[in-house]
Amino acid sequence: MEKSRLELNIESLSQHIDAVVMLTWSDWNNELRSNRYHYAMRFAKFFPVIFVQPDLNEGSYQFEEVGIDNFVILHIYGAYDDNQQAQLLNGALNSYKIPIKAPLFWAYNVYLANCFIKMHSPLRVYHATEDYFSEDSYVNCNNDKDLYARFAKVLAATDLLISVSEGVEENYLSKGNYDGDHLIIANGCDYKFYSEGVIQKNSNNKVAIYQGNIFDKLDYDMLFEVATNLPEWAFQFCGKIISEDPEVTLLFDLPNVEYLGLLNPIELREICQQATVGIIPFKNRDYLTKRSLPLKAFEYMACGIPVITTPIDALEKYKNAFIFVENTDEFIRALKGLESNAMDSANFEMRMKLASEQDYDLKFERAINKILEKTKQKKVPNNFFIRVATDVPYKNKISDDKKLKILILYEGKSIFVNTIKEHLQAFSRFSQHKIYYEIASGKNICNVDFSEFDVVLLHYSLRLSLNEGNWTIAPCYAEALRNYTGYSIAMIQDEYDTTDIAKSWLSYLNINAVFSCIPDKEIHKVYPTVEFPKVEFYQNLTGYSSDKLPYKVKIPAMRKRVNKIVYRGRQLPYWYGSLGQEKREIGDSMKLICKERNIQADIETDDSKRIHGKKWYEFLASGRATLGTESGANLFDFDGSVKDGITKMLEQDPNTSYSEANESLLKNYDGFVKMNQISPKIFEAIFLRTALILYEGDYSGVIKPDVHYISLKKNFSNINEVLEKLDDIKFLKNLTDRAYNEIIAQETFSYRDYVSKLDYMLSNKVVATGNFMPEIRRLRYFSLTPKLVWFFSTLDSIIASSFFIKTRVLISFARNEPRSFFNRVLEITHHKIASLPIVGRVYILLAFACRNPRLLIRKIFSGIDNFILSLPVLGRFYGLLSLFVRHPRLFYWKLNKKLSSIPFFGRAYVLFSFGLRHPVLFTRKVVTKIKSV
């Protein structure tokens, strides 16, 4: 059977969302069938619907089943100003029958702003059924500034505004300052339900029915006059009495007026079908006449009865179907007119046809069409981060109010690796959003409130392929990320290594998006959709090109380079497959050829010969060319069994060759996923104008053979041609210049471009909460500039780390931000400085004295003598001497009483130097203390 258009659209939408969360002020069990009901019931045919009611008095949540398939009421804590609401809702969605990862938010209640804004959602819809911006509305933003502020937050986060009338939409746009996509879908009726059993009635029956909430929006005076003047008519009212006004009592005391109370839908349908006419007797209020469209209007019609209503702009287009009255006399004449000519079959058929056209099924389909369109607009291609974009929307400037707060969790020890440091540094250098960093490894304690951030990014320096130990995320950070309500990203590399562990981490941490090195067309083999139905996967490279090197390196001209080929490779374990073996094979084979042909080269594949830091770049720039292969591995060891098998094989026979291991075990696994890709070292070589000799390959489509590099066949059959090109200086210069200009200079595959695309993707998916941020400070970490951000709550983590790390961190901090160093470190945790090695304590004090001697005198020497005394003799002497040389006056005024802590030689030298520099001051102030020397 062919699927309907709605079913096809729902099928497409299900690829983006897995539930609908309706944020309401409702009481589902006691209210009339509202707009919320009709949309909830239709959504529930296709998605789980979580109907949120904030009505609990304690910090908890409760699910309530009401006997409707795919529908549940969620009662949550009613404290609107508490972040706990979002956390509770997140916990409820995670604990649902099937954990909900990508809900569509459909909001009515702006007081649930924290849930609407902070929780990740592929799309946020605000359904404007009431006009809270009209001055005469019973609840409005003009009289309630808190309500207006909440609307400002909610509308800023809204992707799609659906309004029930033109008037409502107009005020949300003009007074609510909403500037996003919007759509008018007028209120309708559940036509199939209300029209069931309808027959055309005669005009002898004289019953007028009103259904709906009863409060001061009704024109009681007009109703009283009409009912008094038409005693032969029966006036029936059903619905909830919102306010006990005296006018209500007077009206209901009339003999021909009857209050039927609250009716269930079937009772209501029966009463309306038996009535003669439905009435909508509203007062002349702007929010009623110009901004509303009552649900009851078409429900009356679906029951087969005409409708008398006071003027309502949204109904004017159907003026032939409705009877409009402006005063008591017109109302009376309209009722009398029904007795003669309003019940004919032509009018009956017209009303039924109009009601059928307002069926909520049709309105729901319109909403789904628009929601799907908006969701597709927010979809970012999976290969967005490596493909060459034809347009550049991601390079647009982001306004301050749209900037996100992004927390990056990383492994602190890893930044000593240049490529990892550069990758981390790129976010703070190039992102327009606000970037914060946190060391989240080992046993570090998490003191950061994740709810203050719009995005949490788990950097690949934290290894998801490991369960515990070094390089893994600390348990408390894992728990905080698991309970985080916002948008979470995991960047993962080396996915071929114990893949199942990484997959379990992704599920446990409730990750929303994964940045993977696996090509888009291969991703389903590793991360099946059935396991990760709502996780977004984006293909990115292991690294990108930089606009500068981390060190100042002289790049010699091609003709001055001594070595023709330079290379450092390594021998990877067998379980990385054939691609991993190529790193060694290309080096060993080329080294042998160069030796046989007496070609000047520096090629090693022994791990002990690897080069790091600045020397690596100098080495790479010393050769005309370097070797290279595609990076990654095509052998995926999902559960570690391949590694275990190879380990046992080598234990039995340590001389087992790779070809033997491959034939025996590896060939069954190698090539399951094709993950060949470009290595960051290739970008480094291009930057240094060093030519590339690479095995044939795709290299992620970034570089092309004979355009950007010299192609070498894996059997070395074209080695003579390759070596000849190394003697052609002009050819090499043209090749390296072209590679530089097209890869580095154009920044197509640069960190700047990568981070700009990330900014665009996040701006397209995540809402800036604008919440107050905890106090932070920005520090330079060694040469890592611009500044990384460190939270002072992590100081304990730094102190607990290795001597080398904590010493360098604190030294760097003291040198670059001495005031912050004192205020935030020494004053609070000076007792921990003693845990540093001697050289660390000396260096910190010396750096502080040279940079900010006044602070040193005023704050340190007067407050933490024990710290100074804990320094070795050389440290005390050197620190005080440096202070004296910089500020001798301050030195005397503040420190002369502490000279006794300096050894004899130090006291003599300090005072002698003081006398030479400031003899007058020395004579006036110091001579009297000379006996202390």
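**A tour from the core to the cavities**

Select Ile-489. Leaving out residues up to four places away in sequence, Ile-489 touches Val-455, Val-456, Leu-457, Leu-458, Ile-511, Ala-513, Phe-515, Leu-758, Met-761 and Leu-762. Touching is a contact, meaning heavy atoms within 4.5 Å.

This is a predicted model, where local features need pLDDT of at least 70, side-chain atom pairs count only at pLDDT 80 or more, and totals for chains, interfaces and linings use all residues. Residues are numbered from 1 along each chain as its sequence is written, and side-chain values use heavy atoms, with hydrogens and water left out.

With Ile-489, they touch the most other members of the largest nonpolar core, which has 85 residues. Such a core is a set of buried Ala, Val, Leu, Ile, Met, Phe, Trp, Tyr and Cys residues joined through side-chain atoms within 4.5 Å. Buried means under 20% relative accessible area with a 1.4 Å probe, protein chains only. Another core, of 64 residues, lies apart from the largest one; Ile-214, Leu-230, Ala-275 and Tyr-318 are among its members.

Zoom out to the whole chain. Of its 933 residues, 57% are buried. Color by secondary structure to find 37 helices and 27 strands. These are DSSP runs: helices (H or I) have at least four residues, strands (E) at least two, numbered from the N terminus.

Next stop: the largest cavity. Select Asn-90, Ile-100, Lys-101, Tyr-484 and Asn-512, the closest to its centre of 17 lining residues. On a 1 Å grid over the protein atoms alone, a cavity is a set of points where a 1.4 Å probe fits but cannot get out; lining residues have an atom within 4 Å of a point. The space here is about 170 Å³, a volume filled by probe spheres set on the points, which are joined across faces, edges and corners. Which helix gives the most to this lining? Highlight α3, which gives 3 residues. Both α3 (84-94) and α17 (475-482) supply at least two.

Move to the second largest cavity, of about 110 Å³. Fifteen is the lining count to look for: of these 15 residues, Glu-422, Tyr-544, Ser-546, Phe-683 and Glu-684 are the closest to the centre. Two elements each give two or more residues to this lining, α16 (418-430) and α24 (680-687). Here α24 gives the most, with 4 residues.

Technical notes:
Buried means under 20% relative accessible area, exposed over 50%, partly exposed in between (1.4 Å probe, protein chains only). On a 1 Å grid over the protein atoms alone, a cavity is a set of points where a 1.4 Å probe fits but cannot get out, and a pocket is an open set with protein on both sides within 12 Å along at least five of seven lines; lining residues have an atom within 4 Å of a point.
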